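Student: I would like to go through this model feature by feature. Please give the general idea each time and then the case at hand.

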Amino acid sequence: MKMPCGRSFFCGNFHCRHAATCSAKTAAEQAAASTGRTGTSGASPRENGTSHHTAQKASPSPKPATQPGPLARPADIVYLYDGSRPGFFSCVHESVYARELPAAIFPESEAQPSLFQQKLIPTDTQKAARVEASISKKIGPRATELLDNIFFSCLPEKEIAMLRFLLLGYRAGPRTPYMLGHTDVAPLLAAEKHLMGEVHLLHGFIRFSDYDGALAATITPKNFVLPFLAHHFATRFSGEDFLIFDKTHKAALIYQNKKRSIVPLEHIAFPDASEEEEAYRGLWKQFYKTIAIEARENPRCRMTHMPKRYWENMTEMQDLL
């Protein structure tokens with residue numbers, strides 16, 4: 001039976017108005033030929049409805065692209081490091097090149113007994129510099145900023161969380177910090193928000209006292225906020241010498257002779273307040289009570305804007321504790 005175009009085989013002209021009909025017949029003949037049930041034996045390819053155009057073997061369909069494997073696979077091992085930023089980046093280098101994802105990463109001073117093997121990662125400044133450069137290059141400056149902030153946050157097991165974020169970032173690229181719902185990104189963004197919120201509150205909640213011409217204050221924050229407070233108070237009190245003691249993290253911000261530094265400090269005992277200092281404290285308490293509107297007092301609203309955990313270091317709140 002001839003095709004509507006006048007041929008008994010596919011003409012090969014895709015612009016022919018009967019190309020669809022010809023193609024369908026050719027496909028059926030190729031299927032029959034592949035199973036050994038072609039037309040009459042001894043017939044020519046033209047009589048069987050095939051030609052050299054269709055006798056060619058069909059090319060295999062392309063295989064789906066395989067997804068790249070993970071940079072590191074879970075391992076029953078715990079990394080220990082010296083607690084420094086270069087030390088953490090050395091742990092990242094070890095994880096990537098050893099292709100292992102540790103169960104946890106802890107500072108050596110905070111290590112606890114574990115059933116997992118513990119591996120001490122020495123700090124290598126060259127490896128740390130390579131890792132730090134790769135973060136900005138492959139993931140972007142926003143990732144570098146995020147990790148810098150998280151390193152000072154109170155996020156539990158923040159080291160392993162940062163490592164997971166980096167392993168994801170090396171695969172996903174610059175969009176990683178903006179993957180807000182990803183399980184390896186969302187906890188870091190929440191911790192950064194908590195850190196910056198506490199810094200903002202302490203800009204207004206720190207209360208200094210005068211001790212023989214030097215100002216001093218004590219804070220008990222959850223996050224290590226001293227690096228973020230330094231610029232604000234050094235600018236605000238540029239003509240003063242002052243000290244802010246972080247009782248939680250055993251450290252102090254010292255500003256003296258136009259220079260600022262953060263030093264470890266286990267404990268500090270302030271001298272007794274002078275009569276003049278006590279008078280100023282009394283004036284501040286009286287000012288706080290005077291500007292309050294008694295009829296509109298709302299303790300719950302006050303605790304929302306001024307969390308109670310800050311009260312112990314605020315002069316005006318001492319009588320309410």
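Tutor: We start with a term: a salt bridge is a side-chain nitrogen of Lys or Arg within 4 Å of a carboxyl oxygen of Asp or Glu. Side chains of opposite charge can pair when their charged atoms come close. Before the cases, note that this is a predicted model, in which local features need pLDDT of at least 70, side-chain atom pairs count only at pLDDT 80 or more, and totals for chains, interfaces and linings use all residues. Residues are numbered from 1 along each chain as its sequence is written, and side-chain values use heavy atoms, with hydrogens and water left out.

Student: How many salt bridges does a search of the whole structure find?

Tutor: The search finds eleven. One of the salt bridges joins Glu132 to Arg85, with the closest N and O atoms 3.0 Å apart. This pair links distant parts of the chain, since Glu132 is in helix α3 (residues 125–138) and Arg85 in helix α2, 47 residues apart. Helices here are DSSP runs of H or I with at least four residues, strands are runs of E with at least two, and both are numbered from the N terminus.

Student: Which residues are linked with Arg85 in a network of salt bridges?

Tutor: Glu132 and Asp148 are linked with Arg85 in that network. For accessibility, buried means under 20% relative accessible area, exposed over 50%, and partly exposed in between (1.4 Å probe, protein chains only). Glu132 is partly exposed because its relative accessibility is 31%. Arg85, with a relative accessible area of 27%, is partly exposed.

Student: Where does Glu192 lie, and where does its partner Arg142 lie?

Tutor: First the contact: the side chains of Glu192 and Arg142 meet in a salt bridge of 2.8 Å, N to O. Glu192 lies in helix α6 and Arg142 in helix α4 (residues 141–150), so the pair ties together parts that are 50 residues apart in sequence. Glu192 is buried at 11% relative accessibility, whereas Arg142 is partly exposed at 21%. Another salt bridge is formed by Asp319 and Lys285, whose closest N and O atoms are 3.8 Å apart. Asp319 lies in the segment after α9 (299–305) and Lys285 in helix α8, so this pair ties together parts that are 34 residues apart in sequence. Lys285 counts as partly exposed, at 23% relative accessibility.

Student: Is Glu198 buried or exposed?

Tutor: Glu198 counts as buried because its relative accessibility is 2%. Glu198 lies in helix α6 (residues 186–205). To read its surroundings we need the polar contact: a pair of N or O atoms within 3.5 Å, where within protein one must be able to donate a hydrogen and the other to accept it, and residues adjacent in sequence count only if both atoms are side-chain atoms. The side chains of Glu198 and Arg309 are joined by a polar contact of 2.9 Å. A polar atom of the Glu198 side chain also lies 3.0 Å from the backbone nitrogen of Lys222.

Student: Which residues make the nonpolar surface patch?

Tutor: Patches are made of residues with over 30% relative accessible area and no salt bridge; like charges are joined within 9 Å, and nonpolar side chains (Val, Leu, Ile, Met, Phe, Trp, Tyr) within 5 Å. Accessible areas come from the Shrake-Rupley method with a 1.4 Å probe, and for residues only the protein chains shown count as cover. Here Trp284, Phe287 and Ile291 make a nonpolar patch of about 310 Å². Trp284 is in helix α8 and is partly exposed, with a relative accessible area of 35%.

Student: Where is Glu157, and what is its phi?

Tutor: Glu157 sits in the loop between α4 and α5 (158–172). Its phi is positive, about 50 degrees, although Glu157 is not a glycine. At 48% relative accessibility, Glu157 is partly exposed. Lys258 also has a positive phi, near 65 degrees, in a residue other than glycine. Lys258 is placed in the loop between β9 (251–256) and β10 (259–264), and at 58% relative accessibility Lys258 counts as exposed.
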